[in-house]
Structure formats: C-alpha cells, structure tokens
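Dear colleague,

I am handing over the structure below. My notes on what was found in it follow.

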Amino acid sequence: MMFAMAARRMGYRVEVFSDVADCPAARHCDRLHVVPLDDPAALVGVARGLDALTFEFENVSAAAAGALAAQIVVRPAPAVLHTVQDRGREKAFLVRHGFPVVPHALIRDAAGLEAAVAHVGLPAVLKTAAFGYDGKGQRRVVDRAEVAAAWQALGPGELVLESWVDFIAELSVVAARGADGAIAPFTAVHNRHRHHILDVTTSPAPLPRPVQAEAERLATAVLEALDFVGVGCVEFFLTGDGRLLVNEIAPRPHNSGHLTVEACACSQFEQQVRAVCGLPLGSPRQLAPAAMANLLGDCWAGGEPDWPAALALPGVSLTLYGKSEPRPGRKMGHLTVVAATVAEAEATVLRARDRACRS
Ligand code: AMP
C-alpha cells in the first residue's frame, strides 16, 4: 500500500498482484489482479505489458518470481528472494560471507534435533526455516520437554535452532541499493518487540554513534554481498559485550522503516520505487528524531480506537492499512511522532497509542 502510494505520487501506474481482493494496496493502485501467487503461468499472463515488478513480502514463490524475471525486470532478483526466504539458506549465506550470526543449527529431521540441542545449548529458539514472520513459526525453549513440544508444533519441515541471545538492544538498518550499485542506508534504528512482533521503533537508535555506524556498515556489506537492488532491512542483536549479530534480512521495505515517511528526506517507499525503476536514489537524511508504535488488532478490543485523542498530541501521524478485520496480533496500522529529541518522540508516541487504545 505504501509503495503504491509513493509510486503513484511520482506518476507511475501501479498494478497489484494479490491472492485476496481486499488487500490494503487495492484502494491505492490502478489495477488489482487477484491471482494465486504461487502460479507462475497465471502471473506471467497478467504481467504481460508491465515494466518492472517488486514484492512487499518475502514469502512469495521464488520460482514464480524467476518465471516473471524472464519477461520483465524483477527487483530484488529472484535469487535474492530464494536466499533470504529460508532461514537455513540465509544463515549459510551470512556465514559464507563472514558476517556475525547467532550460534545455530539446521534441523532436517527428528534425529537432527538432538544433535542441534547438543551443539547450540539451551535456552534456544526453534524456528521454521520457511514462511515465518512476526514471530509466527517460532518458539522459545528452555528444556528438553519444551524442545520436544516445539518440534511437535513446528515440525516436521526444516527448522533452525538458534541459541537464545540475551541482547541489550535490537537494531535494524533499512537501506536502498540502486541498479548501479549506489547505496543509501537510513540511520540505524532501535526496535523493541513484544511477543516477537515489532512494537516500537526509535530513530536514531539511542546508542553510541560507533555502534550505529557499525550496523550501517554491516547492512551495506550484506546488501552488496547479495548484489541486492531495491530496499532491504538487516536486523541485529547488540550483545552486552558490544557485538552486533545479524538476526535476519528482509528483502523489502520494513516495519522499522515506516517512520522514514515522516522523518526522512526520501522515504523507504520512494527509495524502493527509485531503485526498482532504475532511477538515482534519493537522500536518506533524517530531518528530525522520530518514533513509531505499531497498532495491532488488540487495540480494537473495545471498539474503534480513540483517534481524536491520539492525534491531539503534537507531532503525531496516523497510518491505517485499511484491513477489514482487527484480529489480535494483526498489524492494522502505526503511529509516528516527529519531535525535537528521540526521548520526546518515544514518550509521545506511547502516550498517543495509550490514548487511542484505551477501551
Ligand atoms: P525473527 O522473526 O527471527 O526476527 O524473531 C522475532 C523476534 O524474536 C526478534 O526480533 C527477537 O525479539 C526475538 N528473537 C528471535 N530470535 C531470538 C534469539 N535467538 N534470541 C533472543 N531473541 C530472539
């Protein structure tokens, strides 16, 4: 939806492929194609006549993206999608290129589970290799009984067991990389999660500049190693002894970059349009400190949230995705605050959300 809005503002005609008719982008595009996203033949048929294609979610078929790439420009490349949409392949890529990662083991079957626990230790997190997002398909495990229960719940497909990291902070860097190799990282941001789902982002991350700079350097290097074209996000854990570990790579604009719409010279969505269309990248410069708080379906528990109360606070912007059903844990929208300091932006965005969601 936000990509479509940025593209149309620049005068592009936007067509959307979705497997549901009431997707958020439906109200912001020139044409909606409701097609099965794992059917290469159907997608190739509807893509005829288009110039370039990108995706807003990594769990789309890499084979379908590959079939489309024979016909039109697909950015990022299907090979990138293939690497990062599977945690096992993603980690193998990161290790191969010498990037710091969380100790982990790939599990292919029940026999591999025991070896993985012996290698990684406990506590740990068991994650499905494919189709995980927003904490879906992962479980924290502290003892053998929990490992067995998690295997029952998440198996029998490929899984990754990761050692539990007692991080002091989570950071992410959203960056654009152009077709010519130019790269434009946004400032490193600080993320807080609840139940494995992003809750609040503050930008710039309230951490020493060398830590921010190292995160930006690593994110740049990851996108270069992938030969990435488009907008991607690299998420990190910061450990107590000052090390940054790459947690995961998102091959698309990221929730932690939504505040770039209000806070930066060129938003992550405009950067995606520019990169995908082969234009020069815009400036990622941040114009003011900012904070973003997600609005999950839970906020609707007591009926329509109190938007007037939230928007009465200074510097608050509201973005709703137009999703019809506010289920608990479902991302429905977000609030952003731009302020004089990061602390003020964060305090105000939390107050705004409290006001909105008070039932
Ligand atoms: P992921 O889907 O892998 O990004 O995980 C979602 C969130 O779960 C992360 O942002 C962390 O807050 C938490 N998490 C995932 N893996 C670990 C880990 N190995 N150690 C500690 N927390 C984790």
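**Sheets, a helix pair and a pocket**

Thr-128 stands opposite Leu-159 of strand E8. This is a predicted model, in which local features need pLDDT of at least 70 and side-chain atom pairs count only at pLDDT 80 or more, while totals for chains, interfaces and linings use all residues. Residues are numbered from 1 along each chain as its sequence is written, and side-chain values use heavy atoms, with hydrogens and water left out.

Strand E6 (residues 124-128) and strand E8 (residues 159-163) run antiparallel and are joined by five bridges. Strands (E, at least two residues) and helices (H or I, at least four) are DSSP runs numbered from the N terminus, and two strands pair if DSSP finds at least two bridges between them. The order E5-E8-E6-E7 makes an open sheet of four strands with antiparallel pairing. Strand E5 (104-107) and strand E7 (138-141) are at the edges with a single partner strand each, so one side of each has no neighbour in the sheet. From one strand to the next the twist averages 20°; angles run from 0 to 180 degrees between N-to-C directions, and axes are lines fitted to C-alpha atoms, for helices over the stretch in contact.

Helix H6 (residues 110-120) packs on this sheet and touches E5, E6 and E8, its direction making about 180° with that of E5. Contact means heavy atoms within 4.5 Å. Helix H7 (residues 144-154) also packs on the sheet, touching E5, E6, E7 and E8, at about 170° to the direction of E7.

Elsewhere, E11 is joined to E12 by five bridges, and the two run antiparallel. Asn-191 has Thr-201 in E12 as its bridge partner. The hairpin of E11 and E12 has two residues between the strands, and His-195 there takes a positive phi near 50°.

The axes of helix H1 (residues 2-9) and helix H10 (residues 268-276) cross at roughly 65° and come within 8 Å. H1 contributes Met-2, Phe-3, Ala-6, Ala-7 and Arg-9 to the contact, and H10 contributes Phe-269, Glu-270, Gln-272 and Val-273.

Strand E12 (197-203), strand E15 (290-296) and helix H12 (342-357) each supply at least two residues to the lining of the second largest pocket. That lining has six nonpolar, three polar and five charged residues, where Ala, Val, Leu, Ile, Met, Phe, Trp, Tyr, Cys and Pro count as nonpolar, Asp, Glu, Lys and Arg as charged, and the others, Gly among them, as polar. A pocket is an open set of points on a 1 Å grid over the protein atoms alone, where a 1.4 Å probe fits, with protein on both sides within 12 Å along at least five of seven lines; lining residues have an atom within 4 Å of a point.

Regards
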